[in-house]
Amino acid sequence: MPISDYRTALVTGASTGIGAVVVERLAKRGLEVHAVARNAERLETLARDTGCIPHTVDITDTEALTAAVDGLEIDVLVNNAGVSRTGNILTADEFAVDEQVAVNIQAVLHLVRLLMPGMVERDLGHIVNISSIAGVYNFGGNTVYHATKAAVHTLSRQLRVDGYGRRVRVTEICPGRVETEIFGRLLGDMEEAQRQFYDGYESLKPEDIADSIEFAVDSPRHVNIGHIEILPTFQVPGGLNFERREGS
């Protein structure tokens, strides 16, 4: 159903990058947008610029998250917040595992648990989950991130089953490399992240992901865009490694 059929939206990870652009887009389309993030200063600026309703919440705090959405009737939920850490499972520490599970999948599950029943009851809603090509392809990288994004991939398909017979749509946006702050937070150095991951590359921009979200949400009511994989033209996933051991 077109965006005009919806009244409200909630976007996580809203203070920067993809989330901030999505908040701006949905607000311009006339929705009352609830913006959720930890950075109060950035949220206040976003609220001044877009008219969104800011919620300064750590989404890993389930009690605080529950209180923030209590009483809200949300038509469009955009689960955008995500974190990553360096290293695979051989080098991951306890914090890397717990943080990524808490942000990337636990908070997503809780928000869907809290908001989807209202959508089902009203026979109206759209859930957009931002996953990653790391959730559907295996390549060298952060194993915990791959695992949590694979969970988001599976959840997105399962939610269609849970909402069967109701006009609740579910879209998974599966991006490749997007020029956001995630690598800067990963390295703890924004300038080094820019040099290492973005300079010389034609990466996706947050606006590209916002375009795909807007397209899916604005589709006719009889259309559910289930999965969008969007990558830079020069980024290709896949490949095959086969280690050869002489004399084995």
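Let me start with the inside of this model, which, please keep in mind, is a predicted one. Its largest nonpolar core is made up of 35 residues, and within that core I209 and I213 are the residues with the most contacts. At least two residues of this core come from each of several elements, among them the strands β1 (8-12), β2 (32-37) and β5 (125-130), and the helices α2 (40-50) and α8 (206-217). The largest share, six residues, is supplied by α1. If we leave aside residues up to four places away in sequence, I213 touches V22, V78, V128, I130 and I173. Apart from this core lies another one, of 26 residues, which includes L10, I127, V152 and V170.

Now, please find S131, which sits in the loop between β5 and α5 (143-162). Is S131 buried or exposed? With a relative accessibility of 3%, and the limit for buried being under 20%, S131 counts as buried. Its side chain is joined to that of E172 by a polar contact of 2.5 Å, and, again not counting residues up to four places away in sequence, S131 touches K149, V152, E172, I173, C174 and P175.

Finally, let us turn to V236, which lies in the segment after β7. V236 counts as exposed, because its relative accessibility is 70% and exposed means over 50%. Between the C-alpha atoms of V236 and Q100, which are 136 residues apart along the chain, the separation is 25 Å.

Methods: Residues numbered from 1 in each chain as written. Predicted model: local features only at pLDDT ≥ 70, side-chain atom pairs only at ≥ 80, totals over all residues. Heavy atoms only, no water. Core = buried A, V, L, I, M, F, W, Y, C linked by side-chain atoms within 4.5 Å. Buried < 20%, exposed > 50% of the residue type's maximum accessible area, 1.4 Å probe, protein only. Helix = DSSP H or I, 4+ residues; strand = E, 2+ residues; numbered from the N terminus. Contact = heavy atoms within 4.5 Å. Polar contact = N/O pair within 3.5 Å; in protein donor to acceptor, adjacent residues only side chain to side chain.
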